[in-house]
Amino acid sequence: MRKILVVGIFLTLVSGLFTGAIYSLVEEHRHSLARYAPSTEEELLKSERMGPVRLSKREVDELLLLWNRELIELERLQWIFTASFFIGVVFIFAILLKRGSMVKKFDGLFLWIITCCMVSVEWVIDVFSDKYYGGRSAIMDLSIGIFVGTIIVLPILFFAAYRTNQHELALKLHRQKWVSYLSITFAVLSLLLALVIGVGVLMTPDLSGNIT
């Protein structure tokens, strides 16, 4: 394993998640524009079926100006993050095809650090989306997906960090056993957290059928 490969995978993953978040924001803005300023006959008919707009003309004009300004910025960011994602994928494959990808000193510790950084990804994306109108609701499904995915992946990655450090110890690259203790502790704690959340979700009654 090479540290540069781990960083490449992490940054590529973050770029992909930001691409998805920005796509959701763009679609939300386009939907809002179609609702308040329909540009085609189909959009006009759909807007009429949704009922009259409960805003004054001044409020609508201000929102349209805001949405158009944000849409331009979001489309620019979408291009940047999409390009970054594909560049990252190419970079990862290039590293994997090269020789010298064996375990190096403190790869386990580095993997543990990167795994800890993953916990903040959802928060960073939420903060980013809050900058835009309706951002929180636009990325709600994605945010839930990131949270669930993180809960599932954390125990696996922490255990991988433990195994990597154990391999480093066997190769006598260093003598830092505390990295293994730290990694396995976090693996167990994150697994217990995943189990607690999973059991809590399964035991939560489905009230959707009682909502009227």
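Let's start with a charged pair: Glu27 and Arg30 join their side chains in a salt bridge, 3.6 Å from N to O. The two residues sit three apart in helix H1, so about one helical turn separates them. Glu27 is partly exposed at 34% relative accessible area, and Arg30 is partly exposed too, at 40%. Salt bridges also link Glu27, Arg30 and Glu75 into a network. Please keep in mind that this is a predicted model.

## Other salt bridges

The structure has six salt bridges in total. One of them joins Lys3 to Asp107, with the closest N and O atoms 2.9 Å apart. Lys3 belongs to helix H1 and Asp107 to helix H4, so this pair ties together parts that are 104 residues apart in sequence. Lys3 is partly exposed at 28% relative accessibility, whereas Asp107 is buried, with a relative accessible area of 1%.

Asp130 and Arg136 form another salt bridge, and here the closest N and O atoms are 2.8 Å apart. Asp130 has 41% relative accessibility and counts as partly exposed; Arg136, at 44%, is also partly exposed.

## Where H1 meets H4

The Lys3 and Asp107 pair brings us to the two helices themselves. The axes of H1 and H4 (residues 107-118) come within 10 Å and cross at roughly 10°. Angles under 35 degrees count as roughly parallel, so H1 runs roughly parallel to H4. On the H1 side, the contact is made by Lys3, Val6, Val7, Phe10 and Leu13. H4 contributes Asp107, Phe110, Leu111, Ile114, Cys117 and Met118. By residue type, the contact of H1 with H4 has nine nonpolar residues, two charged and no polar ones.

## Aromatic pairs

Now for the rings: there are eight aromatic pairs in the structure. In one of them, Phe18 and Phe128 are edge-to-face, 5.3 Å centre to centre with 75° between the planes. Phe18 lies in H1 (residues 3-36) and Phe128 in helix H5 (residues 121-129), so the pair ties together parts that are 110 residues apart in sequence. Phe18 is buried at 9% relative accessibility, and Phe128 is buried at 12%.

Trp67 and Tyr133 form an edge-to-face pair as well, with ring centres 5.6 Å apart and planes at 75°. Trp67 lies in helix H3 (residues 57-97) and Tyr133 in the loop between H5 and helix H6 (135-138), so parts that are 66 residues apart in sequence are tied together. Trp67 is buried, with a relative accessible area of 2%, while Tyr133 is partly exposed at 42%. Finally, ring pairs link Phe18, Phe81, Phe128 and Tyr132 into a cluster.

Conventions:
Residues numbered from 1 in each chain as written. Predicted model: local features only at pLDDT ≥ 70, side-chain atom pairs only at ≥ 80, totals over all residues. Heavy atoms only, no water. Phe/Tyr/Trp six-rings, centres within 6.5 Å; stacked < 30°, edge-to-face > 60°. Helix = DSSP H or I, 4+ residues; strand = E, 2+ residues; numbered from the N terminus. Buried < 20%, exposed > 50% of the residue type's maximum accessible area, 1.4 Å probe, protein only. Axes fitted to C-alpha atoms, helices over the stretch in contact; angles between N-to-C directions. Parallel < 35°, antiparallel > 145°, perpendicular 65-115°, else oblique. Contact = heavy atoms within 4.5 Å. Nonpolar A, V, L, I, M, F, W, Y, C, P; charged D, E, K, R; others polar. Salt bridge = Lys/Arg side-chain N within 4 Å of Asp/Glu carboxyl O.
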